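Here is a short briefing to read alongside the sequence and the model. Keep both open as you go through the points.

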Amino acid sequence: MDKALIPEGVKRCPLPVFGLWMLFLSAVIAWGIYAGYTVLFKGLNVTGLNNYFGFGLYITVDLGIIALGAGAFFSGFMYYGLSRFFPRLKELHKIINLAVIVGFCCYTGALLVLLLEIGQPLRGWFGYWHANVHSMLTEVIFCISCYAIVLVIEFVPIILENRKLDAIKPLHIFGHNLHEIMAVFAMTGTFLSFFHQGSLGGVPGVMFGRPFAYRTGFFIWPWTFFLFTLSAMACGPAFTAIICRIIEKVSRKTLVDRSVYELIAKITGSLLLIYLIFKSLDTLYWALDTAPGFGLKLSDFYRAPYGMWLLFAELGVCGVLPIILLLTPQTRNSNGLLFLGFFLNCAGIVINRFAMTVEALAIPVMPFDQWAVYIPTWAEWAPCIAMLAYGAVIVSLSYRYLPIFPREKELNP
Amino acid sequence: MSGSAHSEHAESKVRYGMVIDLDKCTGCGACSVACQQENNVSFRPDESDKLRTLSWMTLYRLENGADYPDYRAAMLPRPCMHCDSPHHSPCTFVCPVNATIRDEHTGIVDHVAVRCIGCRYCMVACPYHARSFNWWDPTWPKSMEAMLTPEVSPRMRGVVEKCTFCHHRLNLARDRARLNGEDPDTVLYTPACVEACPARAITFGNLKDPNSEVAKLAKDSRAFRILEKLHTEPKVYYLSSAQWIRRQSDNGL
């Protein structure tokens with residue numbers, strides 16, 4: 001039965017090995033579900049959150065993986081939208097299925113973690129019913145759920161390409177027709193995700209009572225709105241490339257042409273460069289104008305354990321360094337350096353999301369208040385790690401049973 | 001809830017505000033206890049984790065940082081500032097479900113507990129830490145249950161709560177005014193903290209009435225507000241003749 005589901009002409013590991021892998025991932029997920037149950041049953045008091053750190057690991061991970069999952073929207077935009085004008089982008093066809101699957105995992109996973117994050121999960125729908133149109137979080141709620149639906153729609157035709165499902169004629173026709181109109185969904189997803197990434201950036205940026213997070217901006221949007229979108233575009237495809245490479249390493253196969261990695265390196269490196277220029281300008285303006293206007297110095301915002309090293313790590317080690325690695329032909333030729341570049345790119349964006357949420361809250365705004373430190377508990381780590389395991393399950397099942405890499409057969413004769 | 005929370009300030013007759021005289025405040029904590037009792041603020045058997053305490057009126061200890069004999073200390077009671085910044089308060093601006101809204105007819109920033117989804121965005125946005133989250137189910141010792149205020153609903157686990165300037169007392173005063181044939185929109189009332197303060201350090205009233213004591217005190221040369229530079233426009237004013245206290249109010253600006 002298992003062999004009949006595996007795409008024709010490709011090799012997969014023996015079922016017992018795959019079963020053991022699934023068992024391991026299931027155990028991790030079970031741990032996360034137990035933690036989730038504990039949070040829902042006992043309340044958020046089992047987390048490390050408190051009245052000062054209303055946002056913590058859940059939000060950081062949500063923001064991080066949503067950015068990393070941006071490969072789906074941005075790759076879709078480049079492939080379905082821009083490749084008409086830039087034919088070289090058609091290369092992305094070789095990795096677009098994986099990008100959609102990774103995006104699906106990230107967005108649905110984020111929704112699962114968000115369920116735990118709010119104190120009254122049964123009232124999650126109030127975001128639609130009592131929507132405050134001024135709140136960035138309202139925009140987040142709308143866009144994340146709508147885009148998750150779009151990603152489901154984008155994932156369905158890939159599932160229907162399974163050998164057995166494709167043999168069923170009505171499903172084949174349905175899947176084929178979905179493929180035909182996929183550009184519409186890709187563009188819808190681009191629109192939704194653009195605003196979603198941006199509104200996630202707006203969440204800290206509009207808090208005018210919080211000098212670390214607050215940013216001036218363009219009309220109703222703070223600069224962080226655009227910086228978050230730009231940074232997600234810069235790291236999303238890099239994360240897809242990393243996942244692809246991990247699958248290649250584990251399966252010991254070549255799944256995409258190296259030219260695809262080269263192309264992604266050039267695109268993400270260039271975008272990271274543009275992002276870093278704007279981010280640096282934004283940081284300078286904030287440090288030299290916004291913060292002093294509130295009576296605070298740059299050094300007031302960085303204290304142990306959230307020291308200045310975070311800023312250097314984010315903008316230097318995980319900003320300048322990956323730009324050099326990704327945009328220099330010599331370093332790009334080395335697989336190790338290329339993927340180090342992709343990794344640092346992704347790590348920098350995650351640090352940025354951490355700084356804009358957790359670090360932003362450590363800083364006492366009232367001069368007579370205390371500097372606080374936040375330490376997540378197992379009840380926060382477990383669901384977040386389980387969400388990664390959930391993503392691994394989806395990617396593993398998809399790789400095993402769906403033809404997600406169109407060049408696999410040719411590259412592995 | 002009257003008025004639109006999203007408009008600029010409406011042409012209302014009242015803007016309730018508070019003035020706290022730090023030169024008079026002894027830091028006895030009566031305001032905090034009265035607030036807790038009046039508003040059914042629950043507590044834990046072990047309150048040592050202050051970052052998870054439910055507190056609508058927190059007392060901060062201010063120090064001048066000098067050594068003896070120049071050392072000085074003062075206590076600063078901090079209710080919700082009921083920020084009056086145009087367009088929005090920091091918390092009302094961010095709440096995705098309109099659970100916290102400013103009544104533009106009174107200036108009171110309210111919190112609708114039964115609508116709150118517990119996302120805590122309002123807590124994050126508030127620079128004064130005026131909001132607390134219900135980390136546990138609210139409980140009281142059996143002997144204290146009979147002392148709960150019937151006009152104030154206890155809040156359930158998973159929602160945020162904060163000082164409402166004893167909004168229920170306003171509603172009672174408005175009801176009384178209607179029964180007496182008076183204008184309910186101009187009533188005056190006294191929040192629990194004001195009533196409890198033995199030093200009479202807290203004054204409450206209509207900031208829009210130039211003849212009111214609170215409006216006069218708010219214009220006093222000793223008056224200041226916390227973090228004026230953030231432009232949250234608090235409706236809670238403090239009075240102090242000590243320069244070191246005033247300097248601390250706005251990060252030395």
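Which element supplies the largest share of the lining of the second largest pocket? That element is α5(B), with five residues. This is a predicted model, in which local features need pLDDT of at least 70 and side-chain atom pairs count only at pLDDT 80 or more, while totals for chains, interfaces and linings use all residues. Residues are numbered from 1 along each chain as its sequence is written, chains are lettered from A and ligands numbered from 1 in the order in which they are written, and side-chain values use heavy atoms, with hydrogens and water left out.

**Where chains A and B meet**

- The contact (heavy atoms within 4.5 Å) draws on 54 residues of chain B and 52 residues of chain A.
- Together the two chains bury about 4500 Å², with 59% of it on carbon and sulfur atoms; buried area is the accessible area (1.4 Å probe) that two parts lose on being put together, summed over both.
- Leu51(B), Tyr121(B) and Val124(B) provide 16% of the area that chain B buries against chain A, more than any other three residues.
- Between the chains there are 33 residue pairs in polar contact, both residues being at pLDDT 80 or more. A polar contact is a pair of N or O atoms within 3.5 Å; within protein, one must be able to donate a hydrogen and the other to accept it, and residues adjacent in sequence count only if both atoms are side-chain atoms.
- On the side of chain B that touches chain A, two or more residues come from each of β2 (58-63), α2 (90-94), α3 (121-125), β6 (131-133) and α8 (243-249) of chain B. Helices (H or I, at least four residues) and strands (E, at least two) are DSSP runs, numbered from the N terminus.
- That side of chain B has 31 nonpolar, 17 polar and six charged residues. Here Ala, Val, Leu, Ile, Met, Phe, Trp, Tyr, Cys and Pro count as nonpolar, Asp, Glu, Lys and Arg as charged, and the others, Gly among them, as polar.

**Salt bridges**

- The whole structure has 32 salt bridges over all chains, each a side-chain nitrogen of Lys or Arg within 4 Å of a carboxyl oxygen of Asp or Glu.
- Between chain B and chain A the count is one: Arg120(B) pairs with Glu117(A), at 2.6 Å from N to O.

**Pockets**

- The largest pocket has a volume of about 1400 Å³. On a 1 Å grid over the protein atoms alone, a pocket is an open set of points where a 1.4 Å probe fits, with protein on both sides within 12 Å along at least five of seven lines; lining residues have an atom within 4 Å of a point. Points are joined across faces, edges and corners, and a volume is the space filled by probe spheres set on them.
- Of the 50 residues lining the largest pocket, Phe239(A), Ile243(A), Ile246(A), Leu388(A) and Ala392(A) are the closest to its centre.
- α16(A) gives the most to this lining, with twelve residues.
- The second largest pocket has a volume of about 610 Å³, and of its 27 lining residues the closest to its centre are Asp110(B), His111(B), Val112(B), Thr164(B) and His167(B).
- By class, the lining of the second largest pocket has eleven nonpolar, nine polar and seven charged residues.

**Backbone points to check**

- Most residues other than glycine have a negative phi, and most peptide bonds are trans.
- Ala304(A) and Pro305(A) are joined by a cis peptide bond, with omega about 0°.
- A cis peptide bond also links Tyr68(B) and Pro69(B), with omega about 10°.
- Arg252(A), in the loop between α11 and α12 of chain A, has a positive phi near 50°.
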